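Welcome to this short tour! Please open your viewer, get ready to select residues, and follow along stop by stop.

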Amino acid sequence: AKFMEITHEAYRREVGAHFGKTIPGIFTDEPNPGPVFREWFDNDGGDVSIAWTPRFPEQFQKMFGYDISDHLPEIAYDVTGQVLSRPRYHYHHCKCRLFVEAFARPMGQWCQENHLLFTGHTLLEEPGSDNLTMGAAHMQFYPYMQAPGIDVLTEFERIYITAKQCVSVAHQTGRKW
């Protein structure tokens, strides 16, 4: 909300008369809720961190009925003898929903109300493992964009799944692009 207040509202004040005309839309480049974990290599050998907000434990509890704090190591580390970690899956799901509800939905609504196309692309669309690690939100993010997009910077990349996901959401939501 603060980001939109200091940027988009300033755009509206300065050039709002051109919205939907000379200025067809607003482009976002690689928004994401942060990685699952990142090792910061320093003299101590590195720390592991995860994307987190002060609201996260409460929202997680509401969504899944248990305290994620009891399972924090499972977000970054495998549990011996377990093929799948339910808390890790739930963590990704919660992180994704909070990101989409805090960023994609308000941005899309603001653009719609101001006769703009919300376009751009999220970070690390492919491969699927990078998609999950960075944001796990691409398919949930696209419906809030009036012109969902992807990032293909060269003719040598073959990003078919990303293109198909984007086109699929555009068809499902009745988008022109």
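What covers the buried residues of helix 8? The cover includes helix 7 (138-141) and strand 5 (147-148). Here, buried means under 20% relative accessible area, exposed means over 50%, and partly exposed is in between (1.4 Å probe, protein chains only). Helices (H or I, at least four residues) and strands (E, at least two) are DSSP runs, numbered from the N terminus.

Before you go on, note that this is a predicted model: local features need pLDDT of at least 70, side-chain atom pairs count only at pLDDT 80 or more, and totals for chains, interfaces and linings use all residues. Residues are numbered from 1 along each chain as its sequence is written, and side-chain values use heavy atoms, with hydrogens and water left out.

**Stop one: helix 8**

Now select T162, C166, V169 and A170, the buried residues of helix 8. Looking down the helix 8 axis, you will find them within an arc of 100° (taken from the directions from the axis to the C-beta atoms), so they line one face of the helix. Next, colour Y160, I161, K164, H171 and Q172: these exposed residues sit on the face turned away from the buried side of helix 8. Just after helix 8, click on G174, whose phi is positive, about 75°.

**Stop two: two loops**

Most residues other than glycine have a negative phi. Select E30, in the loop between strand 1 (25-29) and strand 2 (38-40). E30 is not a glycine, yet its phi is positive, about 65°. Its relative accessible area is 31%, so E30 is partly exposed.

Finally, visit H115, in the loop between helix 5 (86-113) and strand 4 (117-121). H115 is not a glycine either, and has a positive phi of about 60°. Is H115 buried or exposed? At 62% relative accessibility, H115 is exposed.

Definitions and conventions:
Contact means heavy atoms within 4.5 Å.
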